[in-house]
Amino acid sequence: MKITIIGTGYVGLVTGACLAELGNDVFCLDLDQRKIALLNSGGIPIHEPGLAEIVSRNRAAGRLHFSTDIAASVAHGQVQFIAVGTPPDEDGSADLQYVLAAARNIGKYMNGFKVIVDKSTVPVGTADKVTAAIQAELSARQLSGEALQFSVVSNPEFLKEGAAVEDFMRPDRIVIGCDESASGLQAQALMKQLYLPFNRNHERTFWMDVRSAEFTKYAANAMLATRISFMNELANLADKVGADIEAVRHGIGSDPRIGYSFLYAGCGYGGSCFPKDVQALERTARDYGQELLILRAVEQVNNNQKHVLGQKITERFGADLSGKHFALWGLAFKPNTDDMREASSRVLLGELIGRGATVAVHDPVAMAEAQRVLELDFVATPGAFERIRFCENQTDALQNADALMIVTEWKTFRSPDFDQLKTLLKAPIVFDGRNLYEPEVMRELGFEYYGIGRSMLARG
């Protein structure tokens with residue numbers, strides 16, 4: 001099939017590359033000329049395991065094209081995926097300006113039946129706005145007949161950063177929302193054909209109305225965020241009462257009604273999805289006169305959780321950290337990505353630098369993106385950014401540090417040389433924001449260890 005992907009960000013690039021891998025002829029549109037130039041020169045703008053190889057392979061095979069030509073993109077695909085950004089607006093709602101701009105461009109250039117697929121994460125009711133935007137452009141062109149026919153479909157993505165290619169190629173579910181009009185049924189037939197390769201083993205597609213599909217994406221992310229914040233709140237209490245949150249996790253996770261996923265305590269979630277989607281769902285509720293009290297608490301707990309490591313550090317070293325130097329492992333909001341959006345490391349660094357400390361940092365992938373983002377974070381505070389030293393390997397970051405802080409659970413941090421770690425640090429002190437290590441083992445090795453919901457165990 002001929003497919004057009006509008007937007008070559010995280011979702012758009014993964015979707016386009018994976019659909020091309022399945023044999024489709026995919027045209028990827030982006031108005032950022034530098035990004036398109038990078039993609040056409042063999043580069044890739046994001047870090048995602050396995051994605052670069054798929055892009056390269058399908059570009060060479062002629063199944064994957066990148067361009068800034070809007071008219072050509074509309075002409076190419078009978079199915080048009082809108083996969084542009086929906087950043088949070090000042091009031092927490094999703095900003096739909098890029099989605100609606102894409103819709104208007106489709107209406108401006110289409111000359112035959114099109115299926116317009118909302119792949120971006122959008123609030124309930126967005127399909128109606130996309131339909132109206134396209135219809136307005138068609139009416140202005142005074143078209144009639146087949147040229148006026150189209151259907152807007154909701155097909156939310158469920159991709160985990162760091163595992164997006166695997167998630168796309170081996171989905172646990174495919175959610176598609178279509179209406180029951182004649183054009184909607186035509187769109188359903190095309191979407192069924194497009195996703196047929198994923199359903200050969202068993203049916204993975206859940207068909208529903210458009211608004212339910214839009215709602216499903218937000219509901220899924222809100223549920224996962226809720227589980228994380230719930231465990232983080234319990235972990236903070238576990239620290240006070242002397243319980244082990246890991247034992248608690250195993251105890252409740254063994255209940256099949258609960259399960260083990262997304263029950264890990266830590267120093268807060270980040271990224272482009274959970275924070276934005278929780279806020280957007282809260283905003284949608286307020287638009288309808290309802291308050292989502294649980295989600296409001298989820299967001300507040302997460303915001304507070306990003307300060308927990310900083311609080312543990314000041315409890316140990318005092319509020320004034322002048323003259324103190326720390327090592328920090330992990331900058332990205334999660335492993336296997338260079339995404340720094342809403343990363344907990346940014347909050348922690350802001351606190352430490354603000355209290356007079358210096359910090360040596362390392363991340364296996366996110367160093368360049370972290371330098372760009374952190375320089376912007378500290379732009380209003382002269383000299384603050386210079387108090388951060390970026391180290392090419394994790395060992396260099398340890399040199400002469402008063403303590404080590406772990407913020408991202410990269411695999412390479414899980415089994416370090418603890419003897420070397422003790423030798424390089426000024427004192428054997430570890431603040432583990434992801435509970436990578438066992439408190440009893442760390443105590444036996446001679447470390448002063450602070451985890452999340454496990455610190456009482458390490459101190460005996």
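**Helix packing and a buried aspartate**

Helix 13 (residues 308–317) and helix 14 (residues 344–354) pack with their axes 9 Å apart, at an angle of about 30 degrees. Helix 13 is therefore roughly parallel to helix 14, a label given to angles under 35 degrees. The crossing of this pair is right-handed. Contact, meaning heavy atoms within 4.5 Å, is made by L309, G310 and I313 of helix 13 and by L348, E351 and L352 of helix 14. These residues divide into 4 nonpolar, 1 polar and 1 charged, with Gly counted as polar.

This is a predicted model, in which local features need pLDDT of at least 70, side-chain atom pairs count only at pLDDT 80 or more, and totals for chains, interfaces and linings use all residues. Residues are numbered from 1 along each chain as its sequence is written, and side-chain values use heavy atoms, with hydrogens and water left out.

Helix 9 (residues 210–241) and helix 12 (residues 293–305) also have axes 9 Å apart, and their packing angle is about 55 degrees. Helix 9 passes helix 12 in a left-handed crossing. Helix 9 contributes A222, A225, T226, S229, N232, E233 and N236 to the contact, and helix 12 contributes I294, L295, V298, V301, N302 and Q305. The division here is 6 nonpolar, 6 polar and 1 charged.

D277 lies in helix 11 (residues 274–287). With a relative accessible area of 1%, D277 is buried, the cut-off being under 20% with a 1.4 Å probe and protein chains only. Apart from neighbours within four places in sequence, D277 is in contact with T121, K217, Y218 and N221.

Technical notes
Axes fitted to C-alpha atoms, helices over the stretch in contact; angles between N-to-C directions. Helix = DSSP H or I, 4+ residues; strand = E, 2+ residues; numbered from the N terminus. Left-handed = near helix turned anticlockwise from the far one by under 90°. Buried < 20%, exposed > 50% of the residue type's maximum accessible area, 1.4 Å probe, protein only. Parallel < 35°, antiparallel > 145°, perpendicular 65-115°, else oblique.
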